[in-house]
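I opened this structure for the first time today and kept short notes on what I looked up. The entries below are in the order in which I made them.

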Amino acid sequence: MSRIVTFVFVAIALFWAAFPIEPALAQLRFEPVPAEAIRNLSILKAERACVDCNLRNISLKRANFSGVNLEGSNLQTANLAEAVFDNANLSGTNLKYSYLKQISLETSQLVNADLTQANLYEANLKGADLSYATLRSTNLNKANLRDANLTGADLSMTYLRDANLINANLSGVKLCNTVLPDGKVSYEGC
């Protein structure tokens with residue numbers, strides 16, 4: 001009996017530890033914004049593009065960067081809460097541990113992006129291309145993924161409670177220990 005209680009306790013602790021809690025992890029650690037990221041932000045604002053840029057720890061809360069090209073850039077631990085990145089190219093970007101609450105990424109390209117442990121609570125990803133993206137331990141609670149392409153994406157340990165997946169392409173998606181929109185847990189692909 002004690003093994004079962006221990007297993008349940010460890011499983012619950014690991015589940016809750018997988019989700020970043022507000023504010024973003026970078027803000028909890030007070031990590032400085034690299035000088036290079038500040039220079040790159042100036043380039044992004046002027047040219048609407050910054051391919052393979054370092055924007056680590058940057059805060060663009062409520063900013064509008066619709067249509068920008070950030071392909072292959074590093075936005076790890078960035079705060080993009082309530083920002084608008086509609087029709088943006090974020091393919092291959094590193095968005096690990098980023099705070100993306102209520103971000104709009106409608107019809108954006110996020111092919112092969114890494115969103116491990118990102119907080120996308122109430123995010124708008126309608127029509128976004130997330131094919132082959134890594135979304136391990138990501139919070140997608142109440143996210144709009146209507147018409148999104150999730151082909152081959154890794155959604156292991158992801159929280160999709162109350163997410164809109166109407167007409168989403170889920171071909172080849174990994175759903176290991178994933179909380180589905182109805183609250184059930186999927187072990188498909190474990």
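**Basis.** I am working with a predicted model, in which local features need pLDDT of at least 70 and side-chain atom pairs count only at pLDDT 80 or more, while totals for chains, interfaces and linings use all residues. Residues are numbered from 1 along each chain as its sequence is written, and side-chain values use heavy atoms, with hydrogens and water left out.

**Disulfides.** I looked for pairs of cysteine sulfur atoms within 2.5 Å, which is the rule for a disulfide, and the count came to two. One joins cysteine 50 to cysteine 53, with 1.6 Å from S to S, and the link is left-handed, at -75° about the S-S bond. For burial I used relative accessible area, where buried means under 20%, exposed over 50% and partly exposed in between (1.4 Å probe, protein chains only). Cysteine 50 counts as buried at 3%, and cysteine 53 is buried at 9%.

The other disulfide joins cysteine 176 to cysteine 190, with 2.1 Å from S to S. Cysteine 176 lies in strand β1 and cysteine 190 in the segment after β2 (185–188), so this pair ties together parts that are 14 residues apart in sequence. I took helices (H or I, at least four residues) and strands (E, at least two) as DSSP runs, numbered from the N terminus. The torsion about this S-S bond is about 110°, so the disulfide is right-handed. Cysteine 176 is buried at 13%, whereas cysteine 190 is exposed at 58%.

**Core.** I next asked which residues touch the most other members of the largest nonpolar core. They are Phe85 and Leu120, in a core of 46 residues, and the largest share of this core, three residues, comes from α3. A nonpolar core here is a set of buried Ala, Val, Leu, Ile, Met, Phe, Trp, Tyr and Cys residues joined through side-chain atoms within 4.5 Å.

**Two loop residues.** Asparagine 74 lies in the loop between α3 (35–47) and β1 (175–179), and at 21% relative accessibility it counts as partly exposed. Leaving aside neighbours within four places in sequence, I found asparagine 74 in contact (heavy atoms within 4.5 Å) with residues including Cys53 and Asn94.

Threonine 151 also has its place in the loop between α3 and β1, but threonine 151 is buried, at 18%. I noted a polar contact of 2.6 Å between the side chains of threonine 151 and asparagine 149. A polar contact is a pair of N or O atoms within 3.5 Å; within protein, one must be able to donate a hydrogen and the other to accept it, and residues adjacent in sequence count only if both atoms are side-chain atoms.
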